[in-house]
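Here are my notes on this one, point by point. Have the model open while you read.

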Amino acid sequence: MNLPSARPVQGLHHFAWRCRDAEATRCFYEDLLGLPLVHVIKNDHVPSTGEYCPYVHIFFRMRNGGCIAFFDLGDDTAALPSANTPAWVNHIALAVASRDDLHAMKARLEAHGVAVVGVTDHDGFIESIYFFDPNGLRLELTVEVAAQAVVDGYAREARSLLDRWTTRQRPVTPHQDRP
């Protein structure tokens, strides 16, 4: 069978998450983090399934054009954390331009009563801070600090490191779809 080739993904359009309260979420993302509210969809039926479920879908624009978005289902309920996953694993990382910006955002968040973990150094590749939004979503603000030559070296080694992890974690089995 001749499958069409993969088409390049242009970037993140939006990441969507359930929120407990659209206005509290707007206040956090727009007023505190500085991401402008750019679109609101209010509907009583889910367009993809036709299911009746009144909601508001709100979008906040990042400087690179992508969005973070939320669904408020009007029931004062946030998404539940995954019971089988440590709280630090599932998160969304948003980029800032510089270490100065990272430190300034840490100070801003703490001044508004948000508990922040970090600045954390990740193997000389990135530096990050971590915190939770009003919905329990773990956020990371991060800045890439490694020189381009170092980043290029990481890219060259990435596949072999993953292959070694995979071999160590479970027996290797042939994959029909592996190049």
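1. Let's start with T142. Is this residue buried or exposed? Its relative accessibility is 11%, and since the cut-off for buried is under 20%, T142 counts as buried. Bear in mind that this is a predicted model. T142 belongs to strand β8, which covers residues 138-144.

2. What does the side chain of T142 have beside it? One of its polar atoms sits 3.1 Å from the backbone oxygen of E127. Setting aside neighbours within four places in sequence, the contacts of T142 are A93, L94, A95, V96, L102, I126, E127 and S128.

3. The largest pocket comes out at about 530 Å³. Its lining counts 19 residues, and L35, R63, L94, A95 and V96 are the ones nearest the centre. Two elements each give two or more residues to that lining, namely β5 (92-95) and α2 (99-111). The biggest share is from β5, with four residues. Note that L94, A95 and V96 turn up among the contacts of T142 too.

4. Of the 14 residues that line it, W17, P81, S82, N90 and G136 lie nearest the centre.

5. F15 has a relative accessible area of 25%, so it is partly exposed. W17, at 26% relative accessibility, is partly exposed as well.

6. Then there is F125 with Y154. Their ring centres are 5.6 Å apart and the planes stand at 85 degrees, so this pair is edge-to-face. F125 is in the loop between β6 (117-122) and β7 (126-132), while Y154 is in helix α3 (residues 148-169), so the pair ties together parts 29 residues apart in sequence. F125 counts as partly exposed at 30% relative accessibility, and Y154 counts as partly exposed at 28%.

7. Last, which residues do ring pairs link into a cluster? They are F28, Y29, F60, F70 and F131.

Methods:
Residues are numbered from 1 along each chain as its sequence is written. This is a predicted model: local features need pLDDT of at least 70, side-chain atom pairs count only at pLDDT 80 or more; totals for chains, interfaces and linings use all residues. Side-chain values use heavy atoms; hydrogens and water are left out. Buried means under 20% relative accessible area, exposed over 50%, partly exposed in between (1.4 Å probe, protein chains only). A polar contact is a pair of N or O atoms within 3.5 Å; within protein, one must be able to donate a hydrogen and the other to accept it, and residues adjacent in sequence count only if both atoms are side-chain atoms. Contact means heavy atoms within 4.5 Å. On a 1 Å grid over the protein atoms alone, a cavity is a set of points where a 1.4 Å probe fits but cannot get out, and a pocket is an open set with protein on both sides within 12 Å along at least five of seven lines; lining residues have an atom within 4 Å of a point. Grid points are joined across faces, edges and corners, and a volume is the space filled by probe spheres set on the points. Rings of Phe, Tyr and Trp (its six-membered ring) pair if their centres lie within 6.5 Å; planes under 30 degrees apart count as stacked, over 60 as edge-to-face and the rest as tilted.
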